[in-house]
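Q: Could you take me through this one? I'd like to start with the charged side chains and then move to a loop.

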Amino acid sequence: CCPEYIVQMVEKIRANWNQRAEVPGVVIVKYTIQHDGALSGAEIERSSGYAALDISALRAVVSTGRLLPLPEQYQVLPVHLSFEYRR
């Protein structure tokens with residue numbers, strides 16, 4: 001897809017996320033962006049092994065709620081977004 005759109009998406013979601021944690025870890029959240037920009041189907045695709053980290057990453061996506069509408073040529077856009085926690 002569209003590089004500028006992806007950059008804006010990541011910035012908006014990461015603005016709702018706190019990457020500092022007591023333990024390091026990586027979480028992958030998968031979700032779908034609908035044509036109108038709504039986020040749906042968010043779930044943990046790969047757990048960090050720490051529930052607090054997983055919930056924080058999932059919450060960042062869910063609380064974002066909506067992005068700008070997708071470019072005209074896309075009806076939906078599946079996303080797999082990685083969240084890397086550091087101490």
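**Salt bridges and a loop serine**

A: Asp36 counts as partly exposed at 40% relative accessibility, that is, between the limits for buried (under 20% relative accessible area) and exposed (over 50%), with a 1.4 Å probe and protein chains only. This is a predicted model, in which local features need pLDDT of at least 70 and side-chain atom pairs count only at pLDDT 80 or more, while totals for chains, interfaces and linings use all residues. Residues are numbered from 1 along each chain as its sequence is written, and side-chain values use heavy atoms, with hydrogens and water left out.

Q: Which residue does Asp36 meet in a salt bridge?
A: Its partner is Arg66, at 3.1 Å from N to O, where a salt bridge is a side-chain nitrogen of Lys or Arg within 4 Å of a carboxyl oxygen of Asp or Glu. Arg66 is partly exposed at 43% relative accessibility.

Q: How many salt bridges does the structure hold?
A: There are two. In the one between Glu43 and Lys30, the closest N and O atoms are 3.9 Å apart. Glu43 lies in strand β2 and Lys30 in strand β1 (residues 25-34), so the pair ties together parts 13 residues apart in sequence; strands are DSSP runs of E, at least two residues, and helices runs of H or I, at least four, numbered from the N terminus.

Q: New topic: is Ser48 buried or exposed?
A: Ser48 is buried, because its relative accessible area is 17%. The residue sits in the loop between β2 (39-46) and α2 (51-64).

Q: And what does the Ser48 side chain reach?
A: It reaches the backbone nitrogen of Tyr50 at 3.0 Å.

Notes. Polar contact = N/O pair within 3.5 Å; in protein donor to acceptor, adjacent residues only side chain to side chain.
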